[in-house]
Each structure stands twice: as structure tokens, then as C-alpha cells.
Amino acid sequence: MTANPTHTAIATDIVIVGGGLVGGSLALGLARHGVKSTLVDRLPPAASISPTFDGRASAISASGQTLLAAIGLWPHLAARAQPILDIRVSDGPSLLFLHYDHRDLGEGPLGYMVENRHLREAIAAEITTNSALINVVAPATVRGFHQVADSAVVELADGREITAKLVITAEGKASTLREAAGLRVTGWNYAQTAIVATIAHTAPHNGIAHERFLPAGPFAILPLQGGHRSSLVWTEAQSRAEHYLALCDDRFVSEIAERVGAFLGELSLVGPRFSYPLGLQFAAGYVKGRLVLTGDSAHAIHPIAGQGLNLGLRDVAALVEILVDNVHLGLDPAHPTGLDRYERWRRADNLLMAGVTDILNRLFSNDIAAVRLARDVGLGVINNIAPVKRFFMRHAMGTVGDLPKLMRGVGL
Ligand SMILES: Cc1cc2nc3c(=O)[nH]c(=O)nc-3n(C[C@H](O)[C@H](O)[C@H](O)COP(=O)(O)OP(=O)(O)OC[C@H]3O[C@@H](n4cnc5c(N)ncnc54)[C@H](O)[C@@H]3O)c2cc1C
């Protein structure tokens, strides 16, 4: 991204507030179809592509990958992405009760592991390539907005204003614009922290993603490109997380080894540790006049199923489809028919996933014998009935439901 040096008022049709993974993808999706936007972020463009900014890797579903290809990001990522060939779920470190093997469906990998730093670099590079269609205003913090007769005015902390027909927020969980519009959110904290770290290991991962349900919460071991590195998402009780985060490298790696077991050989830590407080947050409405919510500003969920960004990408694909239609028909981009459709379409899907992740986390983040028995029986049933298992595999791949065209490989 390159910063806009002017300090005058800006007028635009579409302004996207938040240039993270969702906002950046949205600007690119629109640009790909000739639609201009202004992209605002409070961070200087270089900050979010620094290697220490975001240590996570995202499990991108098969349909998410189709979208990334449609908006020009996949050529930057293909060689750096790790195909997910198998998913193995176990209760505790040893008892395997669910095994998804991509060969059972014969439709290619179940998804891809992509390091967020690579995704951020790809987005930044494509934004630069599309600078004629994407006007970047950064660093610039949005502090509020108001709606006038036929437009909305976004107010920046430095006193500038951006007038637009449509304001899309992709500000993440703590959205200033959602608050300013009075769109209510429901949610709760899980009293859990996700500790994220990358490990190198002497034995190959063979493209297998593991999820272990431990008493404090899920512990995911996710394969990264190259065969001998994995990303860990270690869900821990908030009260214990600080203790683990403060350990010296050797003790931290011993704690990891205790949870991972021996199958990856000798382990070592690569790069810093990161931590994220976990909670669920869901907006009651996604549209208020000329304002639309996307990504985590609309729905922030537990990472137990690696679906938060995938939902945000579905928001992107749906909104691009609707806005490109509006522009081709010469309609106001904030035409209520399109925005209502977006809200109905995306809210139902997001709510379902938020509910599923909430239930899974509650069911699996405890060690009560009766609950363990019930969940193991339930997952054993899924594992042993082939059609049921294939249904759940397709859910993990993001290929079921009312998918937007760009996630089905269909052009607009
Ligand atoms: C540990 C962990 C692991 C995860 N793993 C996965 C996974 O495997 N797969 C998956 O699909 N999802 C995963 N997720 C979820 C995923 O990371 C998020 O859903 C996604 O990053 C949300 O992106 P976003 O762009 O909506 O928000 P954010 O990433 O929060 O971006 C918001 C942007 O808005 C800017 N901004 C905020 N406020 C303002 C303002 N007032 N003015 C200007 N700019 C502003 C910020 O600077 C930032 O750039 C995981 C989440 C966690 C915590």
C-alpha cells in the first residue's frame, strides 16, 4: 500500500474502512471487476506486512482458495501454501476418533494452510498493482461517521472527511463505525487465550492437520509449506496463558512436546510467540443505511474450526457479487435491495457457524467424563458412517451452502 499524502476532503463511491485480510480482499475483488474504492487503515502500510505483526497461519477452505484465485492473490501464494491432505481429530493426545482423508472425496485437498504474513504481503502487492482503482488512505484512523441525504461522511481523527455513497467496515472486532451506527452486538468471552507459535520438526508432517481436544481447549498442529514446520494454535485457560507465554524457549518447547507427542520428532521454536484473547461476538444487523459490516466486525468466532477468515471471505465474495451487479445496472451501490440481500445471505450462514463453534468449544474444552463419552460417541458415529462423514468433510472444505459465484469458480 502507498499512503495518500493529501490532507483535503476525499469524495468516493465506496469507502472500505479496515485494510486487513477482509478489507484488503474486498478492495481487490471490486478492483478485479473495474469498481473503484478508497481503502482506509489506521496502520502505516508497511506495519502489517512486518514478519512480527501476525504470526498466525490460516486454514483456507477449498472455496476460500477459489476466491483468492479469482481476485488475483493465489499466484502469490500457491508456492507458499501447504495443501491439507488429512485432518485427524483426537480426544486427548492419543485417542483418534475422527479422520478426514481427502482421497475419500477425490476432489483435491481439503484446504490450504497459508501463513498470514504471506497473505498480507500478497494483498499489499496486488493493491499496489491496482493503485488506479484502489485509493489507499493510511495511516488514518476513523473516529466516526454520519449519514446525510444521499451519502455518508466518514470522519478521520486528523479532521479529514471522506464522503461516499457506501461505507463498508472491515475494522475487525472493535469496530468504531458499528458502534457509531448503533448496531448492537451479542457475545461473550471464553476466558481462553490462543497461544500461537511456529515449530520446526525433524519428522515430516505429510500434510496432516491435527486437532487435539485437551482439558483447557483445542490444541491444533497445522502443517506449513516445506514439510518440516507446523503452526500451533494452543487454546489455554486465560489464567494460565501468561505463565506459558513467559517461559524460556526450552521450557516452552517441553510444554509443547508434552501436548504434541513424539510423531513429529524433535521440536524447536521458530520466531516469536503470539497470543489472542478468545470470545464470540455477533452483530444483530449488518446494514444501517449506507453502512455495511463485513468480517470480524460482523462476526468474530472461536478459531476451533479455523473458519473466521473463511466466513469473512464469503462476505467479500457475496458483497462483490452484489455491488458489481448494482454498478452494471447503474444503481446506487447502497441500494437497499442489494444490501438487504447481503444481510440475509451472510447473516444466516455466519450465525450457524458461530453457533457450531460455540457448541464445539463448550463440548470439548472440559474433562467431565459424561461429556467426554457423549462427544466421543457422536464423533465416532460421524467417522463410521461414510455419507455423514462426506457431508462434514464438504463443510470443512466450505463447498456446501449458498456459495457466492466467486467461490464456485463462476465469473461475474
Ligand atoms: C488464533 C487464531 C487463529 C485463527 N485461525 C484461522 C484459520 O485458520 N482460518 C480462518 O478462516 N480464520 C482463522 N482465524 C480468524 C481470522 O484470523 C479472522 O477472522 C480475520 O483475521 C479477521 O480479519 P478482518 O480483516 O475482519 O479483521 P482484522 O484482521 O482485525 O483487521 C481490521 C483492520 O482494520 C483496521 N482498523 C480497525 N479499526 C480502525 C479504525 N477505526 N480506523 C481505521 N482502520 C481501522 C486495523 O488496523 C486492521 O488492519 C483465526 C483467529 C485467531 C485469533
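**Stop 1: around the ligand**

By class, the shell around the ligand has 14 nonpolar, 15 polar and 5 charged residues. Here Ala, Val, Leu, Ile, Met, Phe, Trp, Tyr, Cys and Pro count as nonpolar, Asp, Glu, Lys and Arg as charged, and the others, Gly among them, as polar. This is a predicted model: local features need pLDDT of at least 70, side-chain atom pairs count only at pLDDT 80 or more, and totals for chains, interfaces and linings use all residues. Residues are numbered from 1 along each chain as its sequence is written.

Select the ligand. It is surrounded by 34 residues, and the closest are Gly 18, Gly 20, Gly 172, Gly 295 and Gly 308. Two or more residues each come from helix H1 (21-32), strand E3 (57-61), strand E12 (185-201) and helix H8 (308-328). Helices (H or I, at least four residues) and strands (E, at least two) are DSSP runs, numbered from the N terminus. H8 gives the largest share of the shell, 4 residues.

**Stop 2: two helices**

Now select H1 and helix H4 (residues 116-129). They pack at an angle of about 35°, with their axes 10 Å apart. Axes are lines fitted to C-alpha atoms, for helices over the stretch in contact, and angles run from 0 to 180 degrees between N-to-C directions. H1 brings Leu 21, Gly 24, Ser 25, Ala 27 and Leu 28 to the contact, and H4 brings Leu 119, Ile 123, Glu 126 and Ile 127. Contact means C-beta atoms, placed from the backbone, within 7 Å.

**Stop 3: Ile 134**

Click Ile 134 in strand E8 (residues 134-137). Is Ile 134 buried or exposed? It has 23 C-beta neighbours inside 10 Å, so it counts as buried. The cut-offs, with C-beta atoms placed from the backbone, are 20 or more others within 10 Å for buried, 12 or fewer for exposed, and partly exposed in between. Not counting residues up to four places away in sequence, Ile 134 touches Ala 27, Ala 31, Ser 37, Leu 39 and Ile 127.

**Stop 4: strand E14**

Select E14 (residues 217-224). All 8 of its 8 residues are buried, so E14 is largely enclosed by the rest of the structure. Strand E13 (residues 208-214) runs antiparallel to E14, joined by 5 bridges. Two strands pair if DSSP finds at least two bridges between them. Find Phe 213 opposite Pro 218.

Note on methods. Near = placed C-beta within 6 Å. Contact = placed C-beta atoms within 7 Å.
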